[in-house]
Amino acid sequence: MNFINWLASYPKSGNTWARIFLTNYLNNTGRPLDINRLEGGPIASDRDLFDRWAGVEASDLSFDDIDDFRPHVYRQMALHIKHPLYLKVHDACTRNSDGDMLFPRDVTSAVIYLIRNPLDVTVSYAHHMGRSMAQVVDLICDMNGSVYENPKRLSPQLPQKLLSWSAHVRSWVDDSGLPVTVVRYEDMLAQPEKAFECIIRALKLDVDPIRLSNAIALSSFEAVRQQERQTGFKERPMRADAPFFRQGRSGAWREELPQALADRIIEFNADMMQRFGYL
Amino acid sequence: MPYSYKVFGLSVESSILCPELLQNDVADGADIVIRFGEVPEALENADDAGARWQTAPGIYLLNLKRVGRFMVRAGREIVIQPVEPMSEDSIRTFLLSTCLSIVLHQRKLFALHVSGIHTERGAVLFAGHSGAGKSTLVSAFLKRGFQMVSDDMLALTVDEEDRVRVLPGFPQVKLWADSAEALGRSTEGLRRVLTKFDKFFAPTVDAFHPQSASLHAIYLLGQHNSPEFSLEPLGQSDRFNGLLDNTWQKLTLAGLGLREWHFMTAARIASHVYSARVTRPQHPFRLAEMTDLIEMDFQRELQPLV
């Protein structure tokens, strides 16, 4: 028996960057580790992971059944793993029809909740999915927002309820009852030592300053972009219109996001944006 | 009057109508009995438990809130207590997958999660994650005139001289509507796997090879986000791991007291059977190219890498 650390975030909010950092910190080899073999993967909503641990196939189950199984799947994994597990997740933290939390308290060690300005999330997500900015804004402002809920064909990822951007944040940070540490993407950029040390502490790992600065350097945007150029990155969808590691900065929305779309996001998410310093 | 069927070379007597299975016209005594009856919510003496299942020596229990409870005993009996109102379609989905695989393991027949076809050189099997294209590939080979031996489950046996035989499942493929369309196959009149999905059960009675056969090759299907295909023959440890990874219900085997048998059998199969990993571009699914690549490979005489 061991415990799971959830690396939770709305998509395109620095989750992969945190995983690259964590992989470098944990392994501490002094050279950049392969971005195609990261800790924290696969994603918690991976369909193959579900099939392997559920004992029945997701493609034989309704969406509600799948959600009913998911907490049991994570309990099974926790029961069998020999080391603490780090698992990326983009779902909002909701309950299933049994009233069970999707990410159960009894197998959770910690949650790192990565948050990023939704205006920048929109720009990044649109490039990542090869979608229009307007489509992404629709998703971000949809109280019932979800991804991979295509009834035509179950995709490699299970259906995931994202809710709206604000509701996603609230589900984890305010309502989950889990030990959550919030880390802002913007702080990972501006004050990496402080932000990543906060992650290490929350994950109950020993803080070693030299190791920390090495891991930060090895997971810098330039370092990972160079790796992606050389070897490719398996988590980049083929429909993406840009490299996965595209700009790695904050504020790109000012150049790319039409004002009307920015206004919609702000109007819908103002309270939560204000709370985390984005307004 | 129970129905009689033949599957994996075993005779089945069933209280539930299973149109998917081949009928058995010979009164040869049942190896497996499928019946309705009372099934407890939980086993009193469970040794191991998973997401919705429990095991004790010789017994497996599956409890699905919206479908029913299933108990599999000693490789001989499957007892089903459906929820009301009963949906025979949902029951058969789990009966003909999870429950049958437990029966096979309990009888020490290696239940492998693969699709497969029969060729002149022996059976050729395809393993891979859900969505890797197992059923689609089999359907493509059916169009080329091959017969199928499995859509997602078959049994392997190994004799004293380490000869591996394949025991075919039943004549049906589960196809998503877009795969069916790509293959020029109509989905009109086909039963859906689940009412909300565009995934259908497609019978393949006319293109099924029901007899046991030797095993020629196993291909592990994968995908990546670059535009090339690759085909890479596997060494013994990768072949062994491929068999373990693609065993039906492998998490239950310890509780059923079958772990040692499972490892030993996988090792014996791995040392005698050729296996290769085939990786395709994620999108689009270039089916004809993939089918060509694999067919060119298995039409050769194949020796497992040492």
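## Report on a predicted two-chain model

Tyr148(A) sits in the loop that runs between strand S4 (146-147) and strand S5 (160-161) of chain A. The structure described here is a predicted model. When residues up to four places away in sequence are set aside, Tyr148(A) touches Ser155(A), Gln157(A), Leu158(A), Pro159(A), Gln160(A) and Arg239(A).

| Pair | Separation in sequence | C-alpha to C-alpha separation |
|---|---|---|
| Tyr148(A) and Pro84(A) | 64 residues | 28 Å |
| Thr29(A) and Val123(A) | 94 residues | 34 Å |

### Chain B as a whole

Chain B contains six helices and 21 strands. Its C-alpha atoms occupy a box of roughly 55 × 45 × 40 Å along the principal axes. How does the radius of gyration of chain B agree with that of a compact globule? For 306 residues, a compact globule would have a value near 19 Å, and chain B has 19 Å, so the two agree.

Of the 306 residues in chain B, 56% are buried. The chain exposes about 13,100 Å², and 49% of this area is supplied by carbon and sulfur atoms. The contacts within chain B can also be described by separation in sequence. Among those between residues at least 6 apart, 66% join residues at least 24 apart.

### Two domains in chain B

Chain B is divided into domain 1 (3-107) and domain 2 (112-298). The C-alpha centres of these two domains of chain B are 23 Å apart. Across the boundary, 26 residues of domain 1 of chain B are in contact with 24 residues of domain 2 of chain B. The two domains of chain B bury about 2,100 Å² between them, and carbon and sulfur atoms give 69% of that area.

Lys108(B) lies in the loop between H1 and strand S10 (110-112) of chain B. Another loop of chain B, between strand S9 (77-82) and H1, contains Pro85(B). The peptide bond from Glu84(B) to Pro85(B) is cis, with omega near -10°.

### Nonpolar cores

The largest nonpolar core has 127 residues, of which Tyr74(A), Phe70(B), Leu95(B), Leu125(B) and Leu156(B) touch the most other members. Helix H1 (residues 88-106) of chain B gives the most to this core, namely nine residues. Domain 1 (3-107) and domain 2 (112-298) of chain B each contribute at least three residues to this core.

Leaving aside neighbours within four places in sequence, the residues in contact with Phe70(B) include Val39(B), Tyr60(B), Leu61(B), Leu62(B), Leu64(B) and Val79(B). Ile80(B), Ile91(B), Phe94(B), Leu95(B) and Cys99(B) are also among them. Another core, of 28 residues, lies apart from the largest one, and its members include Ile117(B), Phe146(B), Leu287(B) and Leu302(B).

### The contact between the chains

How many residues does each chain bring to the contact between chain A and chain B? Chain A brings 32 residues and chain B brings 38 residues. The area buried between chain A and chain B is about 3,100 Å², and carbon and sulfur atoms give 48% of it. On the side of chain A, Asp60(A), Arg153(A) and Met238(A) lose the most area to chain B, together 23% of what that side buries.

Conventions:
Residues are numbered from 1 along each chain as its sequence is written. Chains are lettered from A and ligands numbered from 1 in the order in which they are written. This is a predicted model: local features need pLDDT of at least 70, side-chain atom pairs count only at pLDDT 80 or more; totals for chains, interfaces and linings use all residues. Side-chain values use heavy atoms; hydrogens and water are left out. A nonpolar core is a set of buried Ala, Val, Leu, Ile, Met, Phe, Trp, Tyr and Cys residues joined through side-chain atoms within 4.5 Å. Buried means under 20% relative accessible area, exposed over 50%, partly exposed in between (1.4 Å probe, protein chains only). Helices (H or I, at least four residues) and strands (E, at least two) are DSSP runs, numbered from the N terminus. Domain bounds come from an automatic or database domain assignment. Contact means heavy atoms within 4.5 Å. The radius of gyration is taken over C-alpha atoms; the globule rule is 2.2 Å times the number of residues to the power 0.38. Accessible areas come from the Shrake-Rupley method with a 1.4 Å probe; for residues, only the protein chains shown count as cover. Buried area is the accessible area (1.4 Å probe) that two parts lose on being put together, summed over both.
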